[in-house]
Amino acid sequence: MNASALSAQADQLRGLHVPGAPLLLVNAWDPPSARRLAHDGYPAIATTSAGVAEALGYEDGNVTPPDEMLAAVARIAAVVDVPVTADLEAGYGLEPRELVEGLLEAGAVGLNFEDTDHETGALADAELHAERLAAIKQAGRDAGVDVVLNARVDVFLRGGEVDDAVRRGRLYAEAGADCVYPILARGQDAIRRLVDEVGAPVNVLVLPGGLTLEQLAELGVARASFGEGLMRVAMEAAAVEASGYRATNPG
């Protein structure tokens, strides 16, 4: 796909982020799951880094070789006609230009980029991370595609507070992030603050027993995603089905 077509898909994906009418992204992990989701009418496909990593034989956590992750994204993008946004964790050590070039060569037009420093296991310096986000956005524009950058905020993964999530979200929005993703944000009060104060569309992870899509819409959320959740559901369903067959066909 040429830069003009990718640019049009990026604009299409960006336009789906409407506060109060969340874009529901049901994350795919391989071509069959992506094809099924596109067939069911989802207007965009997101990948799950954990699901793709495990399908490739790696653990989640920015350890998948970048060429393998990007090749997997390419196989997913090749089987659907809708925009694809890829979870590329913390970038696998690639510089912004290399990361964006790989993303676009794979046929994807959006990416998740997280603020965990995987060398230390701690959160990255927020100001330095914002500079990296700005470089990713600029790399996309230099390539002719204003990629849709979803800046993941990992504060709640480490038991942090809403104040820090808001601070980081603001910095990332000011750096040009199209969407801010405070993963594991819970509760109406916390999500409302993030929506009201970050200054960019907010992505919320759909959690079992958590807020409904209608509740998220009322709070002004613009994007809701499942992460690796549905891959786990699919794996469990397959195991249960096989177990039931074995139970009725002993020996």
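User: Which exposed residues sit on the face of α4 turned away from its buried side?

Analyst: That face carries Asp67 and Ala78. Exposed means over 50% relative accessible area, buried means under 20%, and partly exposed lies in between (1.4 Å probe, protein chains only). This is a predicted model: local features need pLDDT of at least 70, side-chain atom pairs count only at pLDDT 80 or more, and totals for chains, interfaces and linings use all residues. Residues are numbered from 1 along each chain as its sequence is written, and side-chain values use heavy atoms, with hydrogens and water left out.

User: What makes residues 66-78 a helix with the number α4?

Analyst: A helix is a DSSP run of H or I with at least four residues, a strand is a run of E with at least two, and both are numbered from the N terminus. Helix α4 has 13 residues. The expected span is 1.5 Å times one less than the number of residues. From first C-alpha to last, α4 reaches 18 Å, close to the 18 Å expected.

User: How do you know that the buried residues of α4 line one face?

Analyst: First, the residues: Met69, Leu70, Ala72, Val73, Ile76 and Ala77 are the buried ones in α4. Seen down the axis, they fall within an arc of 155°, so they line one face of the helix. The arc is that of the directions from the helix axis to the C-beta atoms.

User: What do the buried residues of α4 pack against?

Analyst: They pack against helices α2 (31-39), α3 (49-56) and α5 (96-105), and against strands β2 (45-46) and β3 (84-87). Contact means heavy atoms within 4.5 Å.

User: What makes one side of α8 the buried side?

Analyst: In helix α8 (residues 188-197), Ala190, Ile191, Leu194 and Val195 are buried. They cover an arc of only 130° around the axis, which puts them on the same side of α8. The face turned away from that side carries the exposed residues Asp189 and Asp196. The buried residues of α8 pack against α7, β8, β9 (203-205) and α9 (213-218). Just after α8, Gly199 takes a positive phi of about 90°.

User: Why does Arg193 count as partly exposed?

Analyst: Arg193 is found in helix α8. Its relative accessibility is 29%, so it counts as partly exposed. Neighbours within four places in sequence aside, Arg193 is in contact with Val162, Asp163, Val166 and Val198. Arg193 and Ala165 are 28 residues apart in sequence and 9.9 Å apart in space, C-alpha to C-alpha.

User: What is the angle class of α6 and α7, and how do you know?

Analyst: The axes of α6 (residues 126-142) and α7 (residues 162-174) come within 9 Å and cross at roughly 30°. That makes α6 roughly parallel to α7. Under 35 degrees counts as roughly parallel, over 145 as roughly antiparallel, 65 to 115 as roughly perpendicular, and the rest as oblique. Axes are lines fitted to C-alpha atoms, for helices over the stretch in contact, and angles run from 0 to 180 degrees between N-to-C directions. In α6, Ala126, Glu127, His129, Ala130 and Leu133 meet Arg167, Arg168, Leu171 and Tyr172 in α7.

User: Why is α5 called oblique to α6?

Analyst: α5 and α6 pack at an angle of about 50°, with their axes 8 Å apart. That makes α5 oblique to α6. Pro96, Arg97, Leu99 and Val100 in α5 meet Arg132, Ala135, Ile136, Ala139 and Gly140 in α6.

User: Why does Asp178 count as buried?

Analyst: Asp178 has 14% relative accessibility, so it counts as buried. Its place is in the loop between α7 and β8 (179-182). Beyond its neighbours within four places in sequence, Asp178 is in contact with Arg14, Lys137, Val147, Val148, Leu149 and Pro201.

User: Where is Tyr92, and what makes it buried?

Analyst: Tyr92 is also placed in the loop between β3 and α5. Its relative accessible area is 11%, so Tyr92 is buried. Tyr92 has a positive phi of about 55° and is not a glycine.
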